[in-house]
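Thank you for coming, everyone. Please take a moment to look over the sequence and the model before I go through them.

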Amino acid sequence: MQKADFWAGVVIMAVALGFIGMSFAMPWRSSEWGVYAAPGLVPVVLGVVLFGLALILSLRAAFNRGFYEKFAQSEGPAACAGPNDPEVQKAGAASSMSPTVRVLTVIALAAVYVFVLMGRVNYIIASAVFVSGFVLVFKGASVLGAIVTGILTSVAVWAVFTKVFLVTLP
Amino acid sequence: MSPRVFLTEFIALLDARTIFNAFWATGFGIIVGMLPGLTATMGVALLTGLTFRFATDQTMVILIATYVGAIYGGSRSAILLNIPGTPANAATCLDGNPLARRGEAGYAIGLASTSSGIGTFFGLICLAIFSPLLGKIALQFGSWEFFVLAVFGIVICGNLTAPKDPLKGWIAGFIGLLLSQIGQEPIQAYPRFTFGELQLMGGLSLIPVLVGTYGVSEIIGVMKSPIDYVVHTKVTRVIPSIRDLLSHWKTIVRSGIIGVIVGAIPGVGEDTAAWISYDFAKRFSKHPEEFGKGAHDGLIASETGNNACVGGAIIPVLTLAVPGSAPAAVLLAAMWLHGIRPGPLLPIEQPTFIATVTGIFMLATIAMVIIGLSLVRPLVKILQVPRTILMPIIFVLCGVGSFAINGRLFDVYLMLLFGVIGFLMRENSFPAAPLVLGFILGPMADDNLRRALILTDGSILPFLNRPICQVLWVMTFAVIISRSGLIPAIRRKIRVQKSSNN
């Protein structure tokens with residue numbers, strides 16, 4: 001966590017500097033109220049405070065090992081169920097993937113659905129493909145089960161939201 | 001608020017359509033709350049988009065009923081699976097699950113249902129009494145007070161939602177404040193940080209940000225380590241004995257008060273209320289050694305506290321337009337979408353709205369207790385739906401909810417972006433609540449700071465010498481100093497000096 005905090009602080013400082021820079025590029029005396037009504041005033045204040053907080057985070061990560069040791073010691077045993085409890089079991093063959101691969105796969109599937117399918121393909125088909133594909137990739141059901149789940153989900157969502165909630169779908 | 005006004009508004013709600021909406025929304029809320037991976041915020045945010053075209057009064061019924069149901073629903077999985085359905089029910093695991101393991105699952109569920117009902121009822125009584133009172137104080141608020149309130153909100157939210165590392169809470173809060181500055185600013189209509197993009201002119205929409213931060217990030221988190229749940233315990237008797245409940249009246253009253261107070265603090269939610277209630281119940285108990293092993297007191301304290309927090313969280317929403325919790329933030333957004341203006345002028349512009357909201361809470365509480373006590377076994381079956389099937393379905397619903405408000409795909413892209421940001425924040429122990437609170441309070445802080453400076457021609461004295469500002473500044477600095485390590489350092493120095501004098 002120490003390393004992650006250091007780099008998180010660096011990234012946040014960069015973002016804050018970006019906001020400050022862009023704020024200074026805005027007009028500062030374009031209205032009759034002068035600088036007090038300047039659109040960049042509040043973002044500059046917020047950016048400076050955020051930069052300061054992120055700097056403290058990075059410095060703490062770089063030089064205050066004691067904080068992280070105390071932090072790790074204070075992490076007591078979880079009050080709630082863990083993966084070895086009888087009530088929980090690893091979900092199917094999805095557990096054969098590493099956590100990082102699973103996270104990236106979820107994001108990739110979601111990105112394909114949102115950026116490629118939605119708005120370009122009929123909503124029912126897009127959602128059915130997404131849900132079926134998701135279930136198949138993570139082996140949550142058989143091929144037929146995944147397809148049936150996908151179709152049922154997309155048709156049910158379309159029917160309920162367009163006919164009952166009167167929501168326009170993409 | 002007089003009891004006659006409340007009764008009039010409550011009776012006006014008792015038509016078939018409203019009762020039907022209250023019951024199905026409460027049931028939906030219970031299911032959302034019960035399923036680990038879904039949160040109350042996500043459930044309310046989803047329905048906000050979907051009920052956009054409904055009448056305002058029915059929308060409020062649906063959203064408040066979902067909120068109440070979701071906070072209660074998490075107790076089901078906490079008791080049966082030792083996994084809280086929502087963070088608000090984490091404390092319920094400690095005594096709820098041991099009760100289930102020794103064959104008293106039904107009784108635990110009954111205790112949780114009635115405690116939650118009592119907690120919500122307590123919260124709505126406080127809502128009815130304190131909202132008008134706080135509303136009168138809120139009328140004294142000027143631009144200076146609203147700015148300082150925004151700062152205080154971020155500081156205390158960051159402190160309480162990241163108790164071990166408030167620095168990360170404050171960073172999240174200020175990131176939220178900065179992100180809220182995107183779009184056309186209100187004083188000169190200058191487009192800030194839009195990069196020439198038309199879609200960013202109106203700023204980032206709140207519902208996609210909320211659905212992404214709380215919903216999509218949760219989906220990614222669940223799929224990182226997907227586990228399915230198997231309920232082994234049998235559920236039999238559900239209705240608790242009145243004598244048992246009454247014997248814990250002190251715990252109930254104490255937890256109710258704690259829940260309401262915590263709920264009224266900006267951005268701090270039901271999970272904090274539950275833990276503080278549980279902690280106090282243990283401290284004041286004659287048998288603290290029983291806590292963690294199935295103590296009825298522990299279960300009653302956490303469920304009363306988290307549900308009383310619901311009413312408490314609505315108080316600042318109605319009087320100051322500042323959310324007391326994340327689901328309350330969604331309710332605030334829904335009110336804005338439907339043309340209601342929460343804040344100091346609400347009792348003047350819509351004098352019966354507070355009474356109507358109180359009446360809706362009452363209806364939702366009744367629905368929650370009835371559904372909670374009657375549909376025990378069917379709801380247990382829903383808990384066992386595989387995550388790999390449930391999560392893509394939830395994502396599809398998140399997409400619909402984000403798209404529904406403005407009808408643009410950009411909001412769905414935003415939802416996914418904030419889902420990834422929310423997940424990365426969670427992995428690095430940055431709390432999401434201050435980010436969302438900052439996002440909501442940002443426009444208030446921006447508007448009021450600049451307006452105040454214009455009014456006083458740049459003088460910052462009113463920020464320091466107005467009484468309400470002074471109180472808020474003192475509380476803000478008290479929170480910062482208490483977490484800065486300064487006080488322990490001073491104590492150490494005094495101790496060293498004393499021992500060297502001796």
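Predicted model: local features only at pLDDT ≥ 70, side-chain atom pairs only at ≥ 80, totals over all residues.

A word on conventions: residues are numbered from 1 along each chain as its sequence is written, and chains are lettered from A and ligands numbered from 1 in the order in which they are written.

The mean pLDDT of chain A is 84, pLDDT being the predictor's confidence in each residue, from 0 to 100. Residues 90-94 of chain A stay under 50, although the model gives them eleven contacts beyond four places in sequence, a contact meaning heavy atoms within 4.5 Å.

Turning to the interface, the contact takes 75 residues from chain A and 72 residues from chain B. The area buried between the two chains is about 6,600 Å², that is, the accessible area (1.4 Å probe) that two parts lose on being put together, summed over both, and carbon and sulfur atoms give 78% of it.

Across this interface the rule finds two salt bridges, each a side-chain nitrogen of Lys or Arg within 4 Å of a carboxyl oxygen of Asp or Glu. One of them joins A:D5 to B:K168, with the closest N and O atoms 2.7 Å apart.

Conventions
Heavy atoms only, no water.
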